[in-house]
Amino acid sequence: MVKRLFLLRHAKSSWATPGQADHERPLNGKGREACALLAAHFAAASIRPARVLCSTATRTRETLQRIAAELGWKPLADYREGLYLASAANLLKAIQGAGTTESLLLIGHNPGIEDLAADLGGDGDAGA
């Protein structure tokens with residue numbers, strides 16, 4: 001059972017190299033800047049997930065590596081090919097299979113991450 005779940009779509013990626021395989025696309029300048037902002041948010045909110053499930057795509061791995069480097073954090077990361085462009089249903093299965101952990105960060109891709117967030121959040125709390 002996961003007590004706290006954090007969902008993160010990778011930072012902005014580059015399309016600068018024609019013909020490059022989608023899986024291999026790195027972050028662009030805006031994406032690298034966003035990682036620094038995300039790290040600052042993680043620090044301010046004391047977010048240090050106990051485990052990380054991360055797609056094997058270059059842009060997801062780079063997102064995690066840059067955030068972790070900014071924080072001086074060495075996450076317990078599990079890189080999974082099956083998270084690459086996974087549907088919300090498959091992402092949920094990965095979370096359910098993660099076992100018992102205090103907190104879990106899942107780094108993936110849209111539309112799966114966005115769909116999963118919408119599914120888990122339902123109508124949400126209008127007052128929040």
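# Close-up views of the predicted model

**View 1. Gly31, a residue of helix 1.** With a relative accessibility of 0%, Gly31 counts as buried, since a residue is called buried when its relative accessible area is under 20%. The model shown in this and in every other view is predicted. Helix 1, in which Gly31 is placed, covers residues 29-44. When neighbours within four places in sequence are left aside, Gly31 is in contact with Ala11 and Lys12. Gly31 can also be located relative to Arg66, which stands 35 residues away along the chain and whose C-alpha atom is separated from that of Gly31 by 10.0 Å.

View 2. Strand 1 is formed by residues 2-9 and helix 1 by residues 29-44, and Ser13 is found in the loop that lies between them. Ser13 is buried, at 5% relative accessibility, and, not counting residues up to four places away in sequence, touches Arg25, Pro26, Leu27, Asn28 and Arg59. Ala21 lies in this loop between strand 1 and helix 1 as well, but its relative accessible area of 43% makes Ala21 partly exposed, because that class takes in values between the 20% limit for buried and the 50% limit for exposed. From the C-alpha atom of Ala21 to that of Leu64, a residue 43 positions away along the chain, the separation is 20 Å.

**View 3. Ser46 in the loop between helix 1 and strand 2.** Strand 2 comprises residues 51-55, and Ser46 lies in the loop that separates this strand from helix 1. The backbone of Ser46 deserves attention, as its phi is near 55°, which is a positive value in a residue other than glycine. Ser46 has a relative accessible area of 58% and is therefore classed as exposed, the cut-off for that class being over 50%.

View 4. For Leu85, a residue other than glycine, phi is positive and near 55°. Leu85 counts as partly exposed at 48% relative accessibility, and Ser87, with a relative accessible area of 34%, is likewise partly exposed. Between Ser87 and Leu116 there are 29 residues of separation in sequence, while in space their C-alpha atoms are 8.1 Å apart.

**View 5. The cis peptide bond between Asn110 and Pro111.** Omega of the bond that joins Asn110 to Pro111 is about 10°, and the bond is cis. Pro111 is situated in the loop between strand 4, which is made of residues 101-108, and helix 4.

**View 6. The packing of helix 3 against helix 4.** Two packed helices are described by the angle between their axes and the distance between the axes. Here helix 3 (residues 88-96) and helix 4 (residues 112-121) pack at an angle of about 75°, and their axes lie 8 Å apart. The two helices are therefore roughly perpendicular to each other, because angles from 65 to 115 degrees fall in that class. On the side of helix 3, Ala88, Leu91, Leu92 and Ile95 take part in the contact, and on the side of helix 4 they meet Gly112, Ile113, Asp115, Leu116, Asp119 and Leu120. Sorted by class, the residues in this contact are seven nonpolar, one polar and two charged.

**View 7. The whole chain, for orientation.** Four helices and four strands make up the elements of the chain, and from the N terminus on they follow the order β-α-β-α-β-α-β-α. Along its principal axes, the C-alpha trace spans about 40 × 30 × 30 Å. Among contacts with a separation of 6 or more, 75% are between residues 24 or more positions apart.

Notes: Residues numbered from 1 in each chain as written. Predicted model: local features only at pLDDT ≥ 70, side-chain atom pairs only at ≥ 80, totals over all residues. Heavy atoms only, no water. Axes fitted to C-alpha atoms, helices over the stretch in contact; angles between N-to-C directions. Parallel < 35°, antiparallel > 145°, perpendicular 65-115°, else oblique. Contact = heavy atoms within 4.5 Å. Nonpolar A, V, L, I, M, F, W, Y, C, P; charged D, E, K, R; others polar. Buried < 20%, exposed > 50% of the residue type's maximum accessible area, 1.4 Å probe, protein only.
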